[in-house]
Amino acid sequence: MKPQAVIVDQPADQPFYAAAQKIYPREVNGRYSQLRRAAVVVLLGLFYAVAWISWEGHQALLFDLPARKFHVFGLTLWPQDFLYLALLLIIAALSLFFFTALAGRLWCGYACPQTVWTELFTWIEQWTEGPRSRRMKLDQGPWTAGKLVRKGLKQFLWIALAAYTGFTFVGYFTPIRALGGQLLDRSVGAWALFWIVLYALATYGNAGFLREQVCKYMCPYARFQSAMFDKSTLIISYDQARGEPRGGRRRGTAAAPSQGDCIDCTLCVQVCPTGIDIRRGLQYECIACGACIDACNGVMDRMGSPRGLIRYTTEQSLQGGAARVLRPRMLVYAALLCAIIGLFTYSLANRSPVILDVIRDRNALYREVHGGAIENIYSLRIINLDSHPHRYQLSADGLPRLKIADPQGPIEVPPGTVSTVAARLQAPIDGVTGIHQVTLTLTALESPRTQVREQTRFIGPRS
Amino acid sequence: MRLYILRSRRMFRRMDLGLILWPSFLAACGASLLFFAAVDPLLLREAGPRLFAGIERDSGYAIGFFFFWAVAAGASTLSVYLMRTARESTRLGLEREDSQ
Ligand code: SF4
Ligand code: SF4
């Protein structure tokens, strides 16, 4: 049968999506909330503190964009080292896949900046506006002086925190101490200020205002994470068989045989930061924060029933099977991860701290100099990737009696800089007809193991 | 069988703004990372057109980022537009069938 089209005109002013209902997550205590609180303190503590740590006279962790070099503690990386950054990003992505397949949305529940900052902003909200019920009443009530003070204080703290976060963030890309000084004496550059404000706005918007909507509508990971799931992935789930049919009962009494353990108190819904009801089954909105587990365990304790009506489990074990950790998927992810981590460590350990580019002089192929020698001129680009200055000695081989006319002394290159020097090689005229391969070697005088070799051509007259 | 089709009076809805700006923002971040890892903005000052003569590193990064964002947003806009008009075309096609 042909489909019959029914055209529904959408009124121009009607939004495409139902306006998001504001969610008032209820405060909760328990094992997983403690874990998350610890994660928030550690992760945000690191974020705010590491920016101020110094190492050998510079900021320990600094992606110095204005100077185009990255400091990672003792290591200095230059744009030439982009490979390491790329490998690091691949490692991060693969770890995310690995942990998602193993234990679901661990990242979302405990480590995602979205979760972590939202938690911090929620603490401020709870501190200024009180617990859930009070917050709801406050929002519905008229604008009294008390409401103004509470809301004003919350906004003030939020904005201050967001501004400081923006400052810290930019402080990882331009030296933070100098940036702080410039902010204090108002000499900060327009672009630095622009990025600080932008990042502060993003923090405020994401953690204070958008919250779960970021996870529901904006986050790509939230959409594709289910592709890494299988039946043995840890998920947070309500035990349907044990809980249903739900219904109220008196405290301390066991459920009647016809009744399940769920007393339908809806606490699990009230604590959920994304506002879903986990009892309806696994939903993509669930960020696996474990708040509903904590809430339900508290209720079960009070009711005198065993914990774990909502718990970390797997689809497999819910259906009565045994969950397997070692699955082909896990092995593949683990193998890939190990291989790339190995590659990363190997290449980092064998990273040459000096790079040599040899470019032949374009103007003349060769010239004859007095004393019957042929001379070739090269331009050498020497990049010192170390964090110390070095003096390099140039040597050449590949032709009998080949010698370096210039530079004879060592070439000094400051750390992280590119030096371009002209080099002249000479060889006696007899025996250098045609084109020859020669090798230039650069050796650091301070550490002879720091050495690069580069091939080039030495051209003599045609025979 | 009925096929319900939502027809919008507006070419673009407010929600589309998010659908256009957000993915293109992510794309611009990636593109800037790759591009500026290879190219120093100061290089544009020497090698680029006269327009870039006064460029500094910080303004170079920012201009590059917004340029990539604009290009990616253009692509996103086109995608949204094409998806929208594809739905409209389906509607027209079905209407034609109905009138036969
Ligand atoms: S859904 Fe996305 S934004 Fe939300 S917690 Fe997970 S990774 Fe973070
Ligand atoms: S359903 Fe439970 S675990 Fe999932 S987001 Fe809500 S409270 Fe967190």
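Contact, as used here, means heavy atoms within 4.5 Å. The structure is a predicted model, in which local features need pLDDT of at least 70 and side-chain atom pairs count only at pLDDT 80 or more, while totals for chains, interfaces and linings use all residues. Residues are numbered from 1 along each chain as its sequence is written, chains are lettered from A and ligands numbered from 1 in the order in which they are written, and side-chain values use heavy atoms, with hydrogens and water left out.

Of the 100 residues in chain B, 29% are buried, where buried means under 20% relative accessible area, exposed over 50%, and partly exposed in between (1.4 Å probe, protein chains only). The chain exposes about 6,500 Å², with carbon and sulfur atoms supplying 67% of that area; accessible areas come from the Shrake-Rupley method with a 1.4 Å probe, and for residues only the protein chains shown count as cover.

Chain A contains 15 helices and 17 strands. Its radius of gyration is 33 Å, well over the 23 Å that the globule rule gives for 463 residues, so chain A is more spread out than a compact globule. That radius is taken over C-alpha atoms, and the rule is 2.2 Å times the number of residues to the power 0.38. Along the principal axes, the C-alpha atoms of chain A fill a box of roughly 110 × 60 × 55 Å. The domain assignment gives domain 1 (230–318) and domain 2 (354–459) of chain A, with bounds that come from an automatic or database assignment. The centres of these two domains, taken over C-alpha atoms, are separated by 73 Å.

Buried residues make up 43% of chain A. Of the contacts in chain A with a separation of 6 or more, 68% are between residues 24 or more positions apart. The accessible surface of chain A comes to about 24,500 Å², and 62% of it belongs to carbon and sulfur atoms.

A:Arg351 is buried, with a relative accessible area of 16%. Beyond its neighbours within four places in sequence, A:Arg351 is in contact with several residues, including A:Leu75, A:Trp78, A:Tyr84 and A:Leu385. A:Asp81 is another of these contacts; its C-alpha atom lies 9.1 Å from that of A:Arg351, although 270 residues separate the two along the chain.

The backbone also deserves attention. Most residues other than glycine have a negative phi, and most peptide bonds are trans. The bond from A:Glu244 to A:Pro245 is cis, with omega near -10°, and A:Pro245 is placed in the loop between α11 (240–243) and α12 (267–271). A cis peptide bond also joins A:Asp406 and A:Pro407, with omega about -5°; A:Pro407 belongs to the loop between β13 (403–406) and β14 (411–413).

A:Glu56, which is not a glycine, has a positive phi of about 50°. A:Glu56 lies in the loop between β2 (54–55) and β3 (58–59) and is exposed, with a relative accessible area of 60%. A:Arg401 has a positive phi near 60° and is found in the loop between β12 (390–397) and β13. At 59% relative accessibility, A:Arg401 counts as exposed.

Conventions. Helix = DSSP H or I, 4+ residues; strand = E, 2+ residues; numbered from the N terminus.
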